[in-house]
Amino acid sequence: KTAEIANQTFDFEGKTILLHGNDINIQSLIELLNVNQKKFNVIQLISLQDKAQKDQATIIAENNVKVTVIDDVGLGKFLPEIDVVLLGCDIIMHETFITKAGAHLIAAAAKTYNIPVFVLADSRKILNKKFFPQSVIGTFIGKEEKSGDEIWKNPPTNVEVIFNHIEEVPNHLITKFILKKDAFTPEELSEKIDKVLVANFF
């Protein structure tokens, strides 16, 4: 359903789509576009430390869709040819959402280039912080760091290695949050979250 709403929200025909992370809703949308015989290009960002993004590129390619894979640090070269950015997420809150690290820079760069950015998600990812103590929220968003050994094993003295694999991203960088029944601007979504405890009807 989220894929269908996304297809209704934006015209993907002839567009170059940038993907970040590994998300079932994004994969479903690409499959839907392919089934509907839309013509589009897919660019998948990949970081050297992350197998999940390679998995997404593989899944899409296996559905007979050509995927161009680029290293995430080389994104700048490709920004002028990108028409839309698709992100998944783990949690959506009033002012921020939680997703794979790197999304903040991607969304900020896209805004500079006037490229629309859509977050595709299940409504169960919505969290109203007003109904949860900070200790509970911390269990969701307090696990950003992984071992620095994944980047640099045995660094020299006085070198601190920090590896964040998820991050909070400001909602105002997003064009629309696309859920299973509708698409919302950040302002519209915040108002909806305010009104409900459990937002499964979104």
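Is I60 buried or exposed? I60 counts as buried, at 2% relative accessibility, where buried means under 20% relative accessible area, exposed over 50% and partly exposed in between (1.4 Å probe, protein chains only).

## The model and its overall make-up

This is a predicted model, in which local features need pLDDT of at least 70 and side-chain atom pairs count only at pLDDT 80 or more, while totals for chains, interfaces and linings use all residues. Residues are numbered from 1 along each chain as its sequence is written, and side-chain values use heavy atoms, with hydrogens and water left out.

The chain has six helices and twelve strands; these are DSSP runs numbered from the N terminus, with helices being H or I of at least four residues and strands being E of at least two. Of the 202 residues in the chain, 46% are buried. Contact here means heavy atoms within 4.5 Å. Among contacts between residues at least 6 apart in sequence, 73% join residues at least 24 apart.

## Helices α1 and α2

Two packed helices are described by the angle between their axes and the distance between the axes. Let us start with helix α1 (residues 2-9) and helix α2 (residues 24-35), whose axes come within 8 Å and cross at roughly 60°. Axes are lines fitted to C-alpha atoms, for helices over the stretch in contact, and angles run from 0 to 180 degrees between N-to-C directions. Angles under 35 degrees count as roughly parallel, over 145 as roughly antiparallel, 65 to 115 as roughly perpendicular and the rest as oblique. α1 and α2 are therefore oblique to each other.

α1 passes α2 in a right-handed crossing; a crossing has this hand if the near helix is turned clockwise from the far one by less than a right angle, and is left-handed if anticlockwise. On the α1 side, T2, A3, E4, A6 and N7 meet N25, S28, L29, L32 and L33 of α2. The residues of this contact divide into five nonpolar, four polar and one charged. In this scheme Ala, Val, Leu, Ile, Met, Phe, Trp, Tyr, Cys and Pro count as nonpolar, Asp, Glu, Lys and Arg as charged, and the others, Gly among them, as polar.

## Helices α2 and α3

Next comes the pairing of α2 with helix α3 (residues 51-62), which pack at an angle of about 20° with their axes 10 Å apart. α2 and α3 are therefore roughly parallel to each other, and their crossing is right-handed. I26, Q27 and I30 in α2 meet Q56, I59 and I60 in α3. By class, this contact has four nonpolar, two polar and no charged residues.

Q56 is found in helix α3 and counts as buried at 0% relative accessibility. The side chain of Q56 reaches the backbone oxygen of G21 at 3.1 Å, and also makes a polar contact with the side chain of Q27 (3.1 Å). A polar contact is a pair of N or O atoms within 3.5 Å; within protein, one must be able to donate a hydrogen and the other to accept it, and residues adjacent in sequence count only if both atoms are side-chain atoms. Not counting residues up to four places away in sequence, Q56 touches L19, G21, N22, D23, I26, Q27 and Q44.

I60, the residue we opened with, also has its place in helix α3. Leaving out residues up to four places away in sequence, I60 touches L19, Q27, I30, V65 and V67. I60 and V42 are 18 residues apart along the chain, and their C-alpha atoms are separated by 9.1 Å.

## Buried residues in strands

T99 is found in strand β6 (residues 96-100) and is buried, with a relative accessible area of 5%. A polar atom of the T99 side chain lies 2.8 Å from the backbone oxygen of G88. Leaving aside neighbours within four places in sequence, T99 is in contact with G88, C89, D90, H165, I166, E167 and V169.

F184 lies in strand β12 (residues 183-184) and is buried, with a relative accessible area of 8%. F184 and V119 are 65 residues apart in sequence and 9.9 Å apart in space, C-alpha to C-alpha.

## Two asparagines with positive phi

Most residues other than glycine have a negative phi. N64 has a positive phi, near 65°, and lies in the loop between α3 and β3 (67-71). N64 is exposed, with a relative accessible area of 69%.

N114 has a positive phi of about 60° although it is not a glycine. N114 lies in the loop between α4 (103-112) and β7 (117-120), and counts as exposed at 69% relative accessibility.
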